[in-house]
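Have the structure open while you read.

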Amino acid sequence: MRIRSPFNDYYDTAMTHGSDPSRVFIRNPQTSELKLDRDGDGVWDRYGQLAGIADAFELRNQSVYLSACLVVFCGRVYKALRVHRLHGDAARAVADVKPNEIEQRVFYDGVEARQYLEALLGRERLRKKRESLFEYDNPLANGTLTDRLERYFSQQGSAELMQWSIENRIAIVVLRIGGRFEKSILQVNPPLKDIQFYRLFGAAEAFQELDMFWGGVLTPESNPTIGISEKDRIAQHAFDARSFRKGPSRKR
């Protein structure tokens, strides 16, 4: 598979090991804003509840912010937890790059995220129960952070958007989920290195998944099945015109 794109991503390096020039993935990035209706029936509305994992913690000389993100990769859904560490008491609205940013980490595994946050925030903060007035009906917003992380990362890698990806012929989507009163950002074919997707799929693995999806899952649409006549189908099975007929009997 060859990739045509206005930018380079981390898995592009896998093309140096050889690729099929007849198979082309055009990686054209697009961005739009969404207002997720949690009671709506839109494709992305169901994921608005993931915003309940968002949280903020004040440490001695820094602030830590958690935010939700969703990656749809080759039809499968992966939830990502973004952790921003900023110097001092920074604003809650955290962009991708801040002058006062200490570190940004993205986690795709609940155990790994819990271990990191326990070392950073302390065990007591992870065990302290939270009750949100604005998200009282959201299990991701209430309870201990340990429990909330476990709920957040459940069913990781589900194929619930496989049909949507196939019908729209879209291999990569990133949804940065805003709060209840904030818009979310939907990105089609963005750079996955910005969301640290290499923590889940290495360069060779990501390229292989894309190659199989683009050249395998989507192929039947461009290669329709050729119909075979009943006459030819009988011949394929080594039958002839007399195979299902009773031969003439001899008269005595």
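Predicted model: local features only at pLDDT ≥ 70, side-chain atom pairs only at ≥ 80, totals over all residues.

1. Start with Arg 27 and Asp 12. They form a salt bridge whose closest N and O atoms are 2.9 Å apart. The two residues are 15 apart in the chain, and the pair links distant parts of it. Arg 27 sits in the loop between strand 2 (24-26) and strand 3 (30-34), while Asp 12 belongs to the loop between strand 1 (2-4) and strand 2. Buried or exposed, with what relative accessible area, is Arg 27? Arg 27 is buried, at 1%. Asp 12 has a relative accessibility of 12%, so it counts as buried too, given the cut-off of under 20%.

2. Next, Arg 199 and Glu 112, where the closest N and O atoms of the salt bridge are 2.6 Å apart. Arg 199 counts as partly exposed at 32% relative accessibility. Glu 112 is partly exposed as well, with a relative accessible area of 32%.

3. Helix 1 has a pair of its own: Glu 118 and Arg 114 are both in it, 4 residues apart, or about one turn. Their side chains meet in a salt bridge at 3.8 Å, N to O. An α-helix has 3.6 residues a turn, so residues three or four places apart point the same way. Glu 118 is partly exposed at 24% relative accessible area, and Arg 114 is partly exposed at 27%.

4. Which residues of helix 3 (residues 145-152) are buried? They are Leu 145, Arg 148, Leu 149 and Tyr 152. Because they cover an arc of only 100 degrees around the axis, they lie on the same side of helix 3. Their packing partners are strand 4 (55-58), strand 5 (62-73), strand 6 (76-87), helix 1 (110-121) and helix 2 (123-127).

5. Besides being one of the buried residues of helix 3, Arg 148 is linked with Asp 55 and Arg 130 in a network of salt bridges.

Note on methods
Residues numbered from 1 in each chain as written. Heavy atoms only, no water. Buried < 20%, exposed > 50% of the residue type's maximum accessible area, 1.4 Å probe, protein only. Arc of directions from axis to C-beta. Contact = heavy atoms within 4.5 Å. Salt bridge = Lys/Arg side-chain N within 4 Å of Asp/Glu carboxyl O.
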